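Work through these exercises with the structure open beside you. Try each task before you read its solution.

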Amino acid sequence: MTTMTRRRTVERKWVVLPGSRGRRSVPALIGLWLLVIFGGVVPVAVIQLTPVSRPGWVVAALISAASAARFSWLVGNGDRRLFETTFWVFVYSFLGLAPLVQMRLGDWPSTTPNGDWALVPTAFIVVVVGCLAFCVGVYGGTLATAGGRLRERLTPTKPRKPADRRVLVGFAVFALLANLYYLSTSTWLQFTQSRYSETESLAQAQTSASSSTIFQAVAGASLLVSFVSLAQDRRVRRRLGIPETSRARFVSITLMVVVGLSLLNTLNPVSNARYVSATAILGAATALGLVQTRGRYRGMAIAMITGILFVFPFMDAFRYSLTPQFKSNGLIDSLSSPDFDAFAQISNAILYVHREGVAPLQFVGVLGFWMPRRIWPDKPVDTGILLAQERGYMFKNLSAPLWSEFFVNGGWIYLIAGMLVVGFVVRCLDRRIEFDLQVRDSIGVLSCILPFYFLILLRGSLLQATSFFALLLVFTFVVSRRFGGASPPGRSAT
């Protein structure tokens with residue numbers, strides 16, 4: 001009998017135990033309370049605190065309620081669908097509540113002014129069609145992983161092998177050296193300068209803005225992958241009972257501490273983009289056991305959606321100065337701020353396609369993110385910048401949510417096909433994460449990081465987010481070499 005078969009047998013027996021009905025009702029109660037709070041109380045409070053200006057607010061309220069319902073079901077059920085949880089947190093916050101506030105106030109975010117109100121119904125259709133296609137993709141992923149080869153590939157049957165310690169140590173040294181060089185071009189204590197000052201320091205030290213951005217990404221991504229891989233390796237070795245010498249244990253723990261402190265310094269939320277800092281914090285916490293149990297997963301999911309609504313807008317207080325400068329005074333101000341420009345950019349994407357037609361080369365630019373513009377002078381710009389240029393905005397560092405990316409690249413066909421694929425892949429990745437946690441009690445390096453970086457990919461622009469994403473993939477491949485066999489009793493696995 002396989003491990004998974006035994007687990008299902010135990011679960012079925014547990015369900016019919018006397019007195020289990022109360023325990024089975026706990027997930028339902030959790031989901032119900034979350035639905036009441038996020039699907040009812042929060043939208044109603046927003047409606048009560050804002051005047052009526054544009055009729056589109058009703059659709060926004062329905063999107064908020066629907067996404068809150070799916071989020072509540074996921075969290076209540078307790079299956080650790082990290083990617084899908086992130087997706088619905090984004091939809092609820094950026095495409096539900098934010099346009100609800102903006103429609104009620106009759107005003108767009110300050111960085112995306114003068115939006116075409118006539119395009120609002122079409123923009124809501126784009127949001128809804130994209131979400132429905134994503135749901136169909138998730139359902140297709142569920143059917144595909146229910147049996148056959150794909151299920152076999154996603155279902156681990158053996159404990160995870162420990163990583164090769166020599167590779168982990170070597171990569172940690174590389175990450176620390178890369179970080180030291182990066183700090184030498186900027187400031188040694190990163191949290192002592194604002195994000196704007198840090199960007200200026202890099203621009204002066206490097207030959208171009210793109211090279212400074214890439215080197216900053218190399219330092220941050222290598223530290224994050226190194227810390228997660230070291231933490232996961234220690235968890236795997238403890239689970240397998242692999243003995244270690246005192247020297248090997250000392251080296252491993254010391255490296256974890258040094259890399260962790262360096263990561264905290266380099267990707268701190270003061271001098272870095274909040275999305276990247278949040279990815280680093282949540283990825284490191286996941287490696288330390290943030291979603292190890294269903295209860296912890298539920299706490300993480302609730303903290304994520306609450307943090308985006310009530311904490312995230314204030315994390316940008318040190319963007320231009322070490323003296324805090326708050327852009328909003330509460331939830332209503334936050335949801336109408338430039339941080340929540342996603343719906344406005346979907347509207348701008350529709351306007352762009354109406355005027356200029358689709359631009360399939362945008363995805364080509366994403367694939368060729370690594371090619372310098374001096375070699376490819378006509379390389380497409382970020383979709384957020386493209387839309388800003390089309391609208392004549394002065395501020396061009398705008399988002400371009402995945403809905404905008406697909407629509408600009410190929411209209412309705414790309415939107416539906418793209419979100420179907422995203423939903424399918426998300427379900428497969430989530431299924432593997434849950435199986436890993438059940439059978440192996442640990443998940444891979446990418447499974448710790450990418451569910452939270454997924455929020456950056458959803459918000460866009462893709463071209464802007466691809467370099468860090470690619471580095472995560474490359475560095476994870478480097479540290480993924482596994483130890484060739486189990487250690488003999490009494491000897492170290494190094």
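## Exercise 1: Surface and overall make-up

The accessible surface of the protein is about 21,900 Å², and carbon and sulfur atoms hold 66% of that area. Such areas come from the Shrake-Rupley method with a 1.4 Å probe; for residues, only the protein chains shown count as cover. This is a predicted model: local features need pLDDT of at least 70, side-chain atom pairs count only at pLDDT 80 or more, and totals for chains, interfaces and linings use all residues. Residues are numbered from 1 along each chain as its sequence is written, and side-chain values use heavy atoms, with hydrogens and water left out.

**Solution.** Start with the helices and strands. They are DSSP runs numbered from the N terminus (helices: H or I, at least four residues; strands: E, at least two). Next, burial. Buried means under 20% relative accessible area, exposed over 50%, and partly exposed in between (1.4 Å probe, protein chains only).

## Exercise 2: Confidence

**Task.** Find where pLDDT stays under 50.

**Solution.** First, the term: pLDDT is the predictor's confidence in each residue, from 0 to 100. The protein averages 83, and 82% of the residues score at least 70. Residues 1-23 stay under 50. The model gives this stretch 17 contacts beyond four places in sequence (contact: heavy atoms within 4.5 Å). Residues 484-494 are also below 50, with 18 contacts beyond near neighbours in sequence.

## Exercise 3: One serine

**Task.** Is Ser 222 buried or exposed, and which residues does it touch?

**Solution.** Locate Ser 222 in helix H9, residues 209-240. Check its accessibility: Ser 222 is buried because its relative accessibility is 0%. Now list its neighbours. Leaving out residues up to four places away in sequence, Ser 222 touches Phe 171, Phe 174, Ala 175 and Phe 475. Then take a distance. Ser 222 and Asn 179 are 43 residues apart in sequence, yet their C-alpha atoms lie 8.5 Å apart.

## Exercise 4: Salt bridges

**Task.** Which residues form a salt bridge with Asp 233?

**Solution.** Recall the idea: side chains of opposite charge can pair when their charged atoms come close. The rule asks for a side-chain nitrogen of Lys or Arg within 4 Å of a carboxyl oxygen of Asp or Glu. It gives 14 salt bridges.

- Arg 165 pairs with Asp 233 at 2.7 Å, N to O. Asp 233 is in helix H9 and Arg 165 in helix H7 (residues 165-184), so the pair ties together parts 68 residues apart in sequence.
- Arg 237 pairs with Asp 233 too, with the closest N and O atoms 2.9 Å apart. These two are separated by about one helical turn, because they sit four residues apart in helix H9.

Asp 233 and Arg 165 are both buried, and Arg 237 is buried as well. Finally, widen the view. Arg 165, Asp 233, Arg 234, Arg 237 and Glu 244 are linked in a network of salt bridges.
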